[in-house]
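Subject: Structure handover

Hello,

The sequence and structure you asked about are below. My notes follow.

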Amino acid sequence: MILSESFSDPTRVPGVELTEDPMPNIRAIKNITTSGLMLSPAIGGGAANIEHQTLTGLSLALFDDSMQSPYQELVPHQKEPYTFNQIWNSKYGKNGSVAFHPYYKNMYLRDSNYKKKSNSANCT
């Protein structure tokens, strides 16, 4: 799974007509694997929260409204936080799933949280 804040399918924009598919490679990959659409619970910020929801499958609506960032307020206190990565790793080995973020690793405690969640962490 790739979570990208800037990616979208221009063929889904109402009123826009294109003469050719702008993303044929992505569409080819979608045709040979599990794929679908995602409705983001936030726009214009909160990417770390969406990332947490994606990795755990847990909506922030399940938690108290006072929690602003699970990465900073919840995960550091969990001994073994649940994520989908653990399912993949148990089936395919410890490198079955890798969490990666290209920005500063200390933002939202990603460096320590990724290690807890997937047993492998890559951040710059």
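In the protein, 41% of the contacts with a separation of 6 or more are between residues 24 or more positions apart, a contact being heavy atoms within 4.5 Å. This is a predicted model, in which local features need pLDDT of at least 70, side-chain atom pairs count only at pLDDT 80 or more, and totals for chains, interfaces and linings use all residues. Residues are numbered from 1 along each chain as its sequence is written, and side-chain values use heavy atoms, with hydrogens and water left out.

The secondary structure comes to five helices and two strands, in the order α-α-α-α-β-α-β from the N terminus. These are DSSP runs numbered from the N terminus (helices H or I, at least four residues; strands E, at least two). The C-alpha trace spans about 50 × 35 × 30 Å along its principal axes.

Of the 124 residues, 24% count as buried (under 20% relative accessible area; exposed is over 50%, partly exposed in between; 1.4 Å probe, protein chains only).

One surface feature is a nonpolar patch formed by M1, Y82, F84, I87, W88 and Y92, with about 670 Å² of accessible area together. Patch residues have over 30% relative accessible area and no salt bridge, and nonpolar side chains (Val, Leu, Ile, Met, Phe, Trp, Tyr) are joined within 5 Å. A salt bridge is a side-chain nitrogen of Lys or Arg within 4 Å of a carboxyl oxygen of Asp or Glu. Areas come from the Shrake-Rupley method with a 1.4 Å probe, and for residues only the protein chains shown count as cover. F84 lies in helix α4 (residues 84–92) and is partly exposed, with a relative accessible area of 31%.

Regards

Definitions and conventions: Patch = residues over 30% accessible without salt bridge, like charges linked within 9 Å, V, L, I, M, F, W, Y side chains within 5 Å.
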